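User: I would like to go through the contacts in this model. Please take them one at a time.
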Number of protein chains: 2
Amino acid sequence: MPLATIEHMSRPPAARDAVLDAFEQILVHDGERAATLDATARAAGVSKGGLLYHFASKDALIDGLIGRLDALVEHDVHAIETAPEGPIAYFVRSSVAMAHPLDRAVVATARLAQGGSAAAARAIRSARERWFEAIGRHVADPTVALAITLIGDGLYYDSALHGDDDELGVDAPRANEMDALVALLERLATAPPPTTPR
Amino acid sequence: MPLATIEHMSRPPAARDAVLDAFEQILVHDGERAATLDATARAAGVSKGGLLYHFASKDALIDGLIGRLDALVEHDVHAIETAPEGPIAYFVRSSVAMAHPLDRAVVATARLAQGGSAAAARAIRSARERWFEAIGRHVADPTVALAITLIGDGLYYDSALHGDDDELGVDAPRANEMDALVALLERLATAPPPTTPR
DNA sequence: GATACTATACCGGCTGGACGGTACAGTAAT
DNA sequence: ATTACTGTACCGTCCAGCCGGTATAGTATC
């Protein structure tokens, strides 16, 4: 929400973003079961009534998170196209960096999808498609694009498995492994597909 | 449980496997939230008391599923080593075939892990490690082994996103895409790592 | 410029239902 | 007689959603 539109309002809705942040945080850190309305309100420093003022139901809260994800994905797809280090390096590395808002939103939404939210599952699939298309625009061989997208999926999947434990990313790929992986994929992308039989 | 040990018992425990099947099915198809003891018992055609006769608590039920997963993974690792079509083709293809018991167990356990079960998360990580080691035994370049394992993870991740909707694997890789992917990875595995700078 | 009213942004207690788990009496196969 | 259940009733807890209330800021009227 742009600042200019706030001026005429009585009070800026400080709670809305705080609630969304807290919801995301609990989903990523403690799993879907822990992300109750009470816990979310408490973590956001807001009363339960206050939360429900902004999000009339849990579904509305989920929709709010999905909206945030959609916006971040849209921004990310643009970032892929214009990244100075190239689209592949940007995409693969950003799939493992849990510090960025996008990754938190993806993992949080994936948790909801696993928990049974059809809307969350749809949002994740939509994001995946947009990434695949963006990669496809920069990689000639569609098989290589598929491989890169799947590796991104795999990195997210792994990230999601480390949220519960105390240590984050305990067996996540190390920096030099990631360097080698990026190098491998970029070699694949630039090299023309070899003489394919059939 | 081997058949030989059943003989001396009054009645073979028919419900035990039915309960585990139903639990798996609900986890895969409807998500973790839906996999309650009541729903599991109902789907298994067993009374709630009957379920609790075999699994004294929900944790015990989860442990039962993890035990089944561990056994299937052990069998699968052996299958990777001895697959006639080669380890890579077997591994990649088996990661997407939702019909096999292993895949159902993996997705079901992953759902539990996402929901917050530390034991389930541990089981999934353990399975991942064993696959990575098995692939590493057949692929010289560790980066290629990592890439293959991550693609396997990505395929599971995608499978897990299609359980909620009516149509299974609606945008899962098609057969010819999988053929091309397998061919790409086998090319990578056999080709020696090119002159790496540094 | 004081009063009356409205809209926005919250608080916190309550309720009804679902869920995990317990208890236990009975039944049927072996 | 032991094993493998069925069926029902019940308890404590947790949670989503609801509702009545409060505080504050803007607006309209006179």
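User: How many salt bridges are there between chain A and chain B?
Analyst: The model is predicted, and side-chain atom pairs count only at pLDDT 80 or more. One of the bridges joins the side chains of Glu32(B) and Arg33(A), at 2.6 Å from N to O. The count between chain A and chain B is 4 salt bridges.

User: Which helix gives the largest share of the side of chain A that touches chain B?
Analyst: In chain A, helices H6 (101-115), H7 (118-136), H8 (142-161) and H9 (175-190) each supply at least two residues of the side that touches chain B. By class, that side has 21 nonpolar, 8 polar and 15 charged residues. The largest share is 13 residues, and it comes from H8(A).

User: What area is buried between chain A and chain B?
Analyst: The contact takes 44 residues from chain A and 44 residues from chain B. In chain A, Gln114(A), Arg125(A) and Tyr157(A) lose the most area to chain B, together 19% of what that side buries. Carbon and sulfur atoms give 60% of the total, and the area buried between the chains is about 4,100 Å².

User: Within chain B, how is H6(B) oriented relative to H8(B)?
Analyst: Leu102(B), Asp103(B), Val106(B), Val107(B) and Arg111(B) of H6(B) meet Tyr156(B), Ala160(B) and Leu161(B) of H8(B). The residues of this contact divide into 6 nonpolar, no polar and 2 charged. The axes of the two helices come within 10 Å and cross at roughly 75°. Angles of 65 to 115 degrees count as roughly perpendicular, so H6(B) is, relative to H8(B), roughly perpendicular.

Notes. Residues numbered from 1 in each chain as written. Chains lettered and ligands numbered in written order. Predicted model: local features only at pLDDT ≥ 70, side-chain atom pairs only at ≥ 80, totals over all residues. Heavy atoms only, no water. Contact = heavy atoms within 4.5 Å. Buried area = accessible area lost by both parts, 1.4 Å probe. Helix = DSSP H or I, 4+ residues; strand = E, 2+ residues; numbered from the N terminus. Nonpolar A, V, L, I, M, F, W, Y, C, P; charged D, E, K, R; others polar. Axes fitted to C-alpha atoms, helices over the stretch in contact; angles between N-to-C directions. Parallel < 35°, antiparallel > 145°, perpendicular 65-115°, else oblique.
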